[in-house]
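Dear colleague,

Please find below the structure I promised to hand over. My notes on what was found in it follow directly after.

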Amino acid sequence: EISLTVSPALNREGKVIGASKIARDISDRRRAEELFRKYANQLALITNTAPVSIAHCDTQKRFKFVNQAYAQRFGLRPEDCIGKRILDVLGAEVYENLRQYVEAVLSGEPVEFEVELPYAVIGNRFVHCSYAPEYDESGEVGGWVGAVTDITERKRAELFLDAQKQSLEMVVRGAPLVEVLTYLTRIVELQADGQAVASILL
């Protein structure tokens with residue numbers, strides 16, 4: 001592919017006496033642009049269909065990118081998050097629970113952790129997070145990429161299994177049945193996010 005630039009040729013009096021032409025082969029540039037668009041589309045497809053919430057943040061703790069899964073958790077669109085502070089999107093209480101991990105990744109340390117977060121919009125959720133630092137051309141940390149997986153159901157199942165084991169131990173120790181049932185009821189209510197529970201299977 002050729003790019004042609006035509007410019008008028010002037011004499012000393014400023015009159016047009018001809019034209020100059022410059023031809024440039026831009027095939028490589030076109031191919032590079034097409035390849036970039038292809039990879040960008042593939043990346044968007046992958047990130048937006050992945051069952052993981054993905055976010056890219058800068059050193060000012062503002063979102064540079066989030067995929068659809070991340071935004072939809074809070075009833076938002078990805079573009080609603082871009083440029084906003086983590087604090088403003090997730091809330092102050094959630095951010096305080098994440099602060100130590102954010103500071104660690106911004107110091108250049110990859111971090112992986114599980115934590116329960118008190119989201120204002122979707123309630124308390126257990127999440128597994130992996131943060132990886134992003135480096136700029138000078139080798140300085142320029143931000144980080146985070147992948148977040150909701151593990152609430154797994155954690156609740158683990159909690160319930162632990163509660164069953166604990167209740168059996170209470171029975172073996174001779175604890176009153178009322179005490180055992182009260183303990184199990186409290187656990188089941190926590191499982192149901194505080195909703196009332198009518199019965200328990202023992």
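This is a predicted model: local features need pLDDT of at least 70, side-chain atom pairs count only at pLDDT 80 or more; totals for chains, interfaces and linings use all residues.

Ser130 has Ala147 in S7 as its bridge partner. Strands S6 and S7 are antiparallel and are paired over nine bridges. The two strands make a hairpin, and five residues lie between them. In that turn, Gly139 has a positive phi of about 90°.

S7 is also paired with S3: the two strands run antiparallel and are joined by six bridges. Here Asp58 has Gly143 in S7 as its bridge partner.

These pairings belong to an open sheet of five strands, ordered S4-S3-S7-S6-S5, with antiparallel pairing. S4 and S5 are the edge strands; each has a single partner strand, so one side of each lacks a neighbour in the sheet. From one strand to the next, the twist averages 25°. Helix H5 packs on the sheet and touches S5, S6 and S7. The direction of H5 makes about 165° with that of S5.

Turning to the nonpolar core, the largest one contains 28 residues. Which of its members touch the most other members? They are Phe63, Tyr70, Leu90, Leu98, Phe113 and Tyr131. Two or more residues come from each of the strands S3 (53-58), S4 (63-66), S5 (111-119), S6 (123-135) and S7 (141-150), and likewise from each of the helices H2 (68-72), H4 (86-90) and H5 (92-106). H5 gives the most, with seven residues. As general background, nonpolar side chains in soluble globular proteins tend to be buried together.

Residues up to four places away in sequence aside, Phe113 touches Leu98, Tyr101, Val127, His128, Cys129 and Tyr131.

One further residue deserves a note. Ser53 lies in strand S3. Is Ser53 buried or exposed? Ser53 counts as buried because its relative accessibility is 7%, and the cut-off for buried is under 20%. Neighbours within four places in sequence left aside, Ser53 is in contact with Asn67, Ala69, Tyr70 and Arg73, and also with Gly146, Ala147 and Val148.

With kind regards

Conventions: Residues are numbered from 1 along each chain as its sequence is written. Side-chain values use heavy atoms; hydrogens and water are left out. A nonpolar core is a set of buried Ala, Val, Leu, Ile, Met, Phe, Trp, Tyr and Cys residues joined through side-chain atoms within 4.5 Å. Buried means under 20% relative accessible area, exposed over 50%, partly exposed in between (1.4 Å probe, protein chains only). Helices (H or I, at least four residues) and strands (E, at least two) are DSSP runs, numbered from the N terminus. Contact means heavy atoms within 4.5 Å. Two strands pair if DSSP finds at least two bridges between them. Axes are lines fitted to C-alpha atoms, for helices over the stretch in contact, and angles run from 0 to 180 degrees between N-to-C directions.
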